[in-house]
Amino acid sequence: MAELGLNDHHQNEVINYMRFARSKRGLRLKTVDSCFQDLKESRLVEETFTIDEVSEVLSGLQAVVHSEVESELINTAYTNVLLLRQLFSQAEKWYLKLQTDISELENRELLEQVAEFEKAEFTSSNKKPVLDVVKPKLAPLNEGGTAELLNKEILRLQEENEKLKSRLKTIEIQATNALDEKSELERALRDLQLDQGNQKDFIKAQDLSELENTVAALKSEFQRTLSDKTENQKSLEENLATAKHDLLRVQEQLSLAEKELEKKFQQTAAYRNMKEILTKKNDQIKELRKKLAKYEPED
């Protein structure tokens with residue numbers, strides 16, 4: 001029996017979709033057949049027809065068949081879009097970006113493989129029964145736990161990224177406060193020096209000496225405080241630079257993990273088989289167009 005290289009569950013999903021497609025195709029073919037039968041019963045009642053009458057009959061038949069085939073092709077395209085939407089929605093939950101190769105949809109070898117698979121499944125007398133169970137929403141693929149581990153690492157890096165952002169914001173606030181305190185001390189010193197200059201003419205010599213000693217002590221205390229603040233500011237700036245480097249490193253690790261996960265998924269059999277199914281479906285549509293062309297009148 002022809003196989004598609006999938007596990008039993010996924011192969012049954014493919015078979016269920018093919019059953020759905022065969023059912024829709026059979027109904028549409030019956031509709032086309034009925035168009036010809038109606039024409040025979042309603043219009044072909046005379047023994048002879050003129051060229052104009054034959055042309056009119058064929059034109060009417062062409063319009064009906066064209067409408068039926070176009071409706072089926074549109075419905076098939078929309079159905080495939082819904083199928084892709086399910087897969088893409090599943091992939092987005094795992095931060096995956098799926099890609100399709102439209103050129104593979106016309107791969108004759110792969111189309112023949114699907115045709116053999118369909119023939120084996122639906123025409124063999126001893127084929128396996130297909131489980132028509134209620135389908136849950138699609139679950140993400142997980143080969144050996146690799147995808148799950150990568151996604152856990154992505155979540156961990158994202159959490160670390162948020163923590164570093166919060167730490168960076170805190171350090172920036174501390175640095176700003178330190179600069180504000182330094183400005184306040186410098187302003188207080190200028191005010192003190194201004195007061196000292198204004199009061200020199202109004203105080204006694206001994207008071208002036210005492211005030212100068214007080215100012216000197218304040219200057220010394222200010223220099224010590226300013227030195228401490230400068231060292232604290234340098235430390236905060238170093239911590240800020242370190243936090244920024246850590247943030248860049250985490251963002252780079254996050255990007256690499258996402259690329260590795262995407263690359264891992266693109267190497268899975270399900271990804272390749274999905275491209276093959278889309279390729280074969282496109283070829284089936286082309287074959288249907290060729291058959292339809294046989295019914296179009298020649299110039």
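View 1. Rings of Phe, Tyr and Trp (its six-membered ring) count as a pair here if their centres lie within 6.5 Å, with planes under 30 degrees apart called stacked, over 60 edge-to-face and the rest tilted. That rule turns up one aromatic pair. The partners are Tyr-17 and Phe-20, a tilted pair at 6.3 Å centre to centre with 40° between the planes. This is a predicted model, so local features need pLDDT of at least 70 and side-chain atom pairs pLDDT 80 or more, while totals for chains, interfaces and linings use all residues. Residues are numbered from 1 along each chain as its sequence is written, and side-chain values use heavy atoms, leaving out hydrogens and water.

**View 2. A closer look at Phe-20.** Tyr-17 and Phe-20 sit about one helical turn apart because they are three residues apart in helix 1 (residues 8-42); helices are DSSP runs of H or I, at least four residues, numbered from the N terminus. Phe-20 has 38% relative accessibility, so it counts as partly exposed (between buried, under 20%, and exposed, over 50%, with a 1.4 Å probe and protein chains only).

**View 3. The second largest pocket.** Its volume is about 870 Å³, the space filled by probe spheres set on the grid points, which are joined across faces, edges and corners. A pocket is an open set of points on a 1 Å grid over the protein atoms alone where a 1.4 Å probe fits, with protein on both sides within 12 Å along at least five of seven lines; lining residues have an atom within 4 Å of a point. Of the 30 lining residues, Arg-25, Leu-29, Gln-284, Leu-288 and Lys-291 are the closest to the centre. Helix 1 gives the largest share of the lining, 10 residues.

Definitions and conventions
Helix = DSSP H or I, 4+ residues; strand = E, 2+ residues; numbered from the N terminus.
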